[in-house]
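Please read them with the structure open.

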Amino acid sequence: MLQREKIEQAIGILRELNVDAWLLYARETSEINEPAWGLVAPAGVVWPAAIILTAKGERFAITGKYDDAAFRDSGLYNDVLIYTQGISDTLRSLLSELDPQSIGINFSKSNVAADGLTYGMFLQLHEHLSGTPYAERLQSADAIVSRVRGRKTASEAQRIRAAIETTVKLFAEVTPLVKVGASERDLYDFMQRRVAELGLGYAWEQAGNPIVNSGPASAVGHGPPTTNIRVEVGHAVHMDFGIKQDEYCSDLQRMWYVRRLGETSAPAALRKALDAVAKTIHEGARVLKPGVEGWRVDQRAREVITGAGYPEYQHAFGHQLGRTAHDGSTLLGPRWARYVDTPYGIVEAGQVYTLELGVVTDAGMVALEEDVIVTDGGCEFLEEPQTKWWVV
């Protein structure tokens, strides 16, 4: 079971960070997502519930009556404690027994994946612990979650690889439909239909997945595809697409060129643009290795693309990938205020990143995105990178 792997990993990380316990506290998980919950819990909950893991290797769950069955049956915990009227007494008693001197809880100013404790639940937790020393021992679990979420186990990496493989196959399926007269919406509808037929999910919101752009009139960004913009000869056709398969995601961007009569390849200006984007991705990948701060990878990518004569892209060069399209903490991004502390995070082996950027041309957006996993000595591409136009 994946959760067993992640619990064992989390316990090791607590020891590494010298934190005594990690406390996850959540309720109504179908309504309010606690991003770290699924990593260490076999099911969601309705009533307030807590999971406590300790550096000593102890693991406990506290659930309301009727939420407990999946937790007991999982065999993941030393004990599953059940309450009926309120969680407070059970939680206080367990903490008194374990007596952790430091307790990580899920709040963070910069890491969305570590900010799952709502403010209301934060206030509840303080009320439950009022009069005990444990309220003063709470601290951000950002460092814990970043590592647990970022360091992919072998089975997690296998699931990501499988999702990417499916995505590559779907790009191949849509290629014959990239032809004169097809609308952006036609290509979007085909990919969504195949996702439904295969019983897959989406790496980000379904309404904007995939992003499809054809030609220079198409809006760059996260907007939905249109029915009025249709593929024409000379168009650069761009697609940004990611699926969720077996709880893990892919996130790739691919390019087609719709040739004019007599053309056998894309024009020189478009070949130059795609070459620059692909080179930037590969040069950024050369810098991506354990121990490097995320912003340094982004900085190298900016040097390469501007050195080729193109303007800087206005976003991060790469983000982590896993249970969601934007997964984990460390970002391969510039030191901009909007990214808070994430560009200063340290790259670690086992993390999976996207590497992406684009440039605007007279034929439309030219952008690529690849997925890589960090190894002990660098990184490995998880699919065959696109380096040439797909000419149709």
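1. The lining of the largest cavity divides into 5 nonpolar, 2 polar and 2 charged residues (Ala, Val, Leu, Ile, Met, Phe, Trp, Tyr, Cys and Pro count as nonpolar, Asp, Glu, Lys and Arg as charged, and the others, Gly among them, as polar). The residues in question are Y25, A26, R27, I32, E34, G116, L117, T118 and M121. A cavity is a set of points on a 1 Å grid over the protein atoms alone where a 1.4 Å probe fits but cannot get out; lining residues have an atom within 4 Å of a point.

2. This is a predicted model: local features need pLDDT of at least 70, side-chain atom pairs count only at pLDDT 80 or more, and totals for chains, interfaces and linings use all residues. Residues are numbered from 1 along each chain as its sequence is written, and side-chain values use heavy atoms, with hydrogens and water left out.

3. The volume of the largest cavity is about 50 Å³, volume being the space filled by probe spheres set on the points, which are joined across faces, edges and corners. The count comes to 1 cavity of 30 Å³ or more.

4. The second largest pocket (a pocket is an open set with protein on both sides within 12 Å along at least five of seven lines) holds about 220 Å³ of space. Its lining has 14 residues, with S146, R147, S329, T330 and G345 nearest the centre. By class, 3 are nonpolar, 7 polar and 4 charged.
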